[in-house]
Amino acid sequence: MPRTPNEYAVYLLLEGGHREEVRFTTFQEFQKWYSGALMPKCDSNELINVPIKNIQQEYLVVRPARIIAIRVEPIFSSSVERYD
C-alpha cells in the first residue's frame with residue numbers, strides 16, 4: 001500500500017539563482033494555484049500572489065516570467081528532514 005504525503009514542498013527557482021519554498025497540503029491544491037494563477041500569466045511581468053499558508057502575516061509575490069523552474073517534493077511525516 002503506497003504512503004500518502006502529508007504535504008508538498010514547492011520550490012520556485014527564479015532568475016538570478018534565488019529559490020523560494022512554499023508548502024501545499026495537497027497536490028490538487030498546488031495544481032489549482034498553478035493552473036489558475038500562474039499559467040494564465042506565465043509570460044507576464046505583473047506580480048502575482050503565491051499562497052503561504054503556514055506563516056502568518058507574510059506574503060510572497062513573484063513575477064511569473066521570472067520563474068525558470070518549479071520542483072514539487074512530497075513530504076511525509078516520517079521524513080528524516082522534518083526532525084532536523
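Author: A residue is called buried when its relative accessible area is under 20%, exposed when that area is over 50%, and partly exposed in between, using a 1.4 Å probe and counting protein chains only. With that in hand, both F30 and W33 are buried. The model is a predicted one, in which local features need pLDDT of at least 70 and side-chain atom pairs count only at pLDDT 80 or more, while totals for chains, interfaces and linings use all residues. Residues are numbered from 1 along each chain as its sequence is written, and side-chain values use heavy atoms, with hydrogens and water left out.

The chain has one helix and five strands, where helices (H or I, at least four residues) and strands (E, at least two) are DSSP runs numbered from the N terminus. Along the sequence these elements follow the pattern β-β-α-β-β-β, and buried residues make up 29% of the 84 residues in the chain.

Now to the aromatic side chains. Rings of Phe, Tyr and Trp (its six-membered ring) pair if their centres lie within 6.5 Å, and the planes count as stacked when under 30 degrees apart, as edge-to-face when over 60, and as tilted for the rest. By this rule there are six aromatic pairs. One of them joins F27 and F30, a tilted pair with 5.8 Å from centre to centre and 45° between the planes. These two residues are three apart in helix 1 (residues 27-38), so about one helical turn separates them. F27 is partly exposed, at a relative accessible area of 29%, whereas F30 counts as buried, at 6%. F30 also pairs with W33: their ring centres are 6.4 Å apart and their planes stand at 40°, so this pair is tilted. F30 and W33 are again three residues apart in helix 1, which means that about one helical turn lies between them. Y8, F24, F27, F30, W33 and Y34 together form one aromatic cluster.

Leaving aside residues up to four places away in sequence, I48 touches W33, A37, L38, K41, L60, V61, V62 and P64, a contact being heavy atoms within 4.5 Å. I48 is itself buried, with a relative accessible area of 7%. The C-alpha atoms of I48 and L38 are separated by 7.6 Å, and the two residues are ten apart along the chain.
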